[in-house]
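Work through the exercises below with the model open. Try each task before reading its solution.

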Amino acid sequence: MSLADHRHSLAPLGFLRVAINLGNPVLAQGDATSPRGPSVELATALAQRLGVQARFSCHDAAASVVAAASDDAWDLAFLAADPARADRIAFSTPYVEIEGTYLVRDDSPAQRVADLDRNGLRIAVGRGAAYDLFLGRELRHATIERAGTSAAAITLDAAAGVRQPLLAWAQAHPGHRVLADRFTVIQQAVAAPIARPATALQALFAEVQAIKAGPLLGEAFARAGQAVTLLR
């Protein structure tokens, strides 16, 4: 069976509702009226192979996308494949890796990630992001303080986030720097509601795997000006 044979299961309204996380500029750029970037290009390709139109709804953070899954608000999304989300979301094999690291002030004594897991230090994270979930499991001594966006809370000892947007923030705000090493590698995957039929999810994720083998993703990230590690 082709992906189009699962059209009703994967796009029950007759079009593909796609959630785009504009809070991750590695995957999506633009605004709510005209999103663009790798997530949009990949969603468009999958919708075409499904034989439907893609309709986009934009979110400012991954936590918002995850919360919307409980309301059956989307058919397709792009999220980090984290076990804390597996009760409501099914994931393809990852297609790209991005790094989680820290932004600090220039006068911070921290030189490496390990320097920040110390008693008395406070680390800002974006609430519900993949790195929030990871650090919530891994940090032993530092205190996590959650905010809408992590870089907005750099009055703390450090802000956790995805390397590329942290670098852009540091460039625009002199007096800050991004650590050279990382605390995790975030693997981004195509997501669909876990309630969809298993055979339909298998067909969808097989199509993602086929796309990974071709040039689409590499070209999409190059057009977006994002240097990433693609996974085949």
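This is a predicted model: local features need pLDDT of at least 70, side-chain atom pairs count only at pLDDT 80 or more; totals for chains, interfaces and linings use all residues.

Residues are numbered from 1 along each chain as its sequence is written, and side-chain values use heavy atoms, without hydrogens or water.

**Exercise 1. The whole chain**

Task: describe the secondary structure, the dimensions and the burial of the protein chain.

Solution. Start with the secondary structure: the protein chain has 7 helices and 13 strands. These are DSSP runs, numbered from the N terminus (helices H or I, at least four residues; strands E, at least two). Next, take the radius of gyration: 18 Å, close to the 17 Å from the globule rule for 232 residues, so the chain is as compact as a globular protein of that length. The radius is taken over C-alpha atoms, and the rule is 2.2 Å times the number of residues to the power 0.38. Along the principal axes, the C-alpha trace spans about 60 × 35 × 30 Å. Then check burial: 50% of the 232 residues are buried. Buried means under 20% relative accessible area, exposed over 50%, and partly exposed in between (1.4 Å probe, protein chains only). Last, the contacts: of those with a separation of 6 or more, 70% join residues 24 or more positions apart. A contact means heavy atoms within 4.5 Å.

**Exercise 2. The cavity**

Task: how many cavities of 30 Å³ or more does the whole structure hold, and what lines the largest cavity?

Solution. The search finds 1 cavity of 30 Å³ or more. On a 1 Å grid over the protein atoms alone, a cavity is a set of points where a 1.4 Å probe fits but cannot get out; a pocket is an open set with protein on both sides within 12 Å along at least five of seven lines; lining residues have an atom within 4 Å of a point. The largest cavity has a volume of about 40 Å³. Its lining is Leu-3, Leu-10, Leu-16, Leu-46, Leu-50, Asp-75, Leu-76 and Leu-204. By class, that gives 7 nonpolar, no polar and 1 charged residues.

**Exercise 3. The second largest pocket**

Task: find the volume of the second largest pocket and the elements that line it.

Solution. The volume is about 160 Å³. Two or more lining residues come from each of α4 (130-138) and β12 (184-193). Among the lining residues are Ala-130, Tyr-131, Phe-134, Arg-137, Thr-184 and Gln-187. The lining divides into 7 nonpolar, 2 polar and 2 charged.

**Exercise 4. Phe-15**

Task: is Phe-15 buried or exposed, and what does Phe-15 touch?

Solution. First, locate Phe-15: the loop between α1 (7-10) and β1 (16-21). Phe-15 counts as buried because its relative accessibility is 18%. Beyond neighbours within four places in sequence, Phe-15 contacts Val-52, Gln-53, Arg-55 and Asp-75. Ala-54 lies 39 residues from Phe-15 in sequence, yet 6.0 Å away, C-alpha to C-alpha.

Technical notes. Grid points are joined across faces, edges and corners, and a volume is the space filled by probe spheres set on the points. Ala, Val, Leu, Ile, Met, Phe, Trp, Tyr, Cys and Pro count as nonpolar, Asp, Glu, Lys and Arg as charged, and the others, Gly among them, as polar.
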